[in-house]
Amino acid sequence: MRGPTVACVSGADETLLDLALSGVTIDRAASERAEEGVARAAADPRTRVLVLRDGLAQVRLEDGHPSASLVFRGVRPEDLQAPPRFLGRHDGVAYLAVDDPDGQDHASGAGPDAAGAHWRSLRDLGADLSDSDAGLLTTATALHGWHRTSRHCTRCGAPTEVVDGGWVRRCPQDGSEHYPRTDPAVIMAIVDEHDRILLGTGLPWPEGRVSVLAGFVEAGESLEAAVAREVYEEVGVAVTDLTYRGNQPWPFPASLMFGFRGRALSTELTIDPAEIRYAAWFTREELAAKVWDGTLTLPSRLSIARALIEEWFGGPVREPERTHPT
């Protein structure tokens, strides 16, 4: 099998996708992350605190509406015992995030708590939040995940200390500093000469779940080269005419997704069984019918994957009614 051709990249002359989690409304105010800046924020009665229970945040759900809003509270003395994470500012107000270790075993999406609020993850409700709430919870989720897995120095193994408003972990033994990582990944809507879209099912996914192809960018690789390589490796198709469509932070646990649209140079699929269980080309009519009858399910409306699919489709893909938890 011959290798993939080098993909041509078209100019970015179109309006980019309007993507959940990508709205820029929060001032990260990095200059305030030092200890004295966080202390000033904590002493300000206007400062609001977002509490996380094992990665879940407290939200209020609007009856009869798809919208939701985060629940914040004021600063408490116990918040300063473990350094709070400085999320940034919005409309002049500082926002901090803290973990609630006593509530981790009780976090549940089954129903409202005593205050009438629900505990939900960013993945559950990110698409229903305002840009400001989504930005705050995306940042808090990313930092929460990083701190859970980065408690020791990667050089010497010593426990690290949290500094700079939760944005740095410093090793007291060798003085090294460690920062939250972000892993770049590409995700691509590939169409053929008949304007059919290529969708596939990853190995860990449930039967019938399909999405566009995606993969991580390798060391020393450009985004466009990663698109061409991933598509060829996973289904044996060479691509060209790539168009950048936007990017989305995806902190599950630490990705930044770069979306592209591209054209296939062939339609024969050679599936890599180590990556893909199923892949096929779909017309709009075929996809609509299979989604409506439940044969296929699409990614959540939170994801850039869904946005890429629906951009090709020409609008929302109609799904059967489902009962959602309250």
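Student: What does the side chain of Arg229 make a polar contact with?
Tutor: The side chain of Glu221, at 2.7 Å. A polar contact is a pair of N or O atoms within 3.5 Å; within protein, one must be able to donate a hydrogen and the other to accept it, and residues adjacent in sequence count only if both atoms are side-chain atoms. This is a predicted model: local features need pLDDT of at least 70, side-chain atom pairs count only at pLDDT 80 or more, and totals for chains, interfaces and linings use all residues. Residues are numbered from 1 along each chain as its sequence is written, and side-chain values use heavy atoms, with hydrogens and water left out.

Student: Where is Arg229, and is the residue buried or exposed?
Tutor: Arg229 is in helix α4, residues 223-235. Helices (H or I, at least four residues) and strands (E, at least two) are DSSP runs, numbered from the N terminus. Arg229 is buried, at 13% relative accessible area. Buried means under 20%, exposed over 50%, partly exposed in between (1.4 Å probe, protein chains only).

Student: Which residues is Arg229 in contact with, leaving aside neighbours within four places?
Tutor: Phe216, Val217, Glu218 and Glu221. Contact means heavy atoms within 4.5 Å.

Student: New topic. Which strand holds Gly262?
Tutor: Strand β14, residues 255-264. Gly262 is buried, at 4% relative accessibility. Beyond four places in sequence, Gly262 touches Ala189, Ile190, Val191, Thr240, Asp241 and Leu242.

Student: How many aromatic pairs are there?
Tutor: Four. Rings of Phe, Tyr and Trp (its six-membered ring) pair if their centres lie within 6.5 Å; planes under 30 degrees apart count as stacked, over 60 as edge-to-face and the rest as tilted. One of the pairs is Phe72 with Tyr95: centres 5.1 Å apart, planes at 65°, so edge-to-face.

Student: What does that pair tie together?
Tutor: Parts that are 23 residues apart in sequence, because Phe72 lies in the loop between β3 (68-70) and β4 (85-90) and Tyr95 in strand β5 (residues 93-99). Tyr95 is buried, at 11%.

Student: And what are the values for Trp250 and Phe252?
Tutor: That pair is edge-to-face too, with 4.7 Å centre to centre and 80° between the planes. Trp250 is buried at 15%, while Phe252 is partly exposed at 23%.

Student: Which ring does the charged end of Arg33 sit over?
Tutor: The ring of Trp167, 3.8 Å from its centre. A charge sits over a ring if NZ of Lys or CZ of Arg is within 6 Å of the ring centre and within 35 degrees of the ring normal. Arg318 lies over the face of Trp292, at 4.0 Å from the ring centre.
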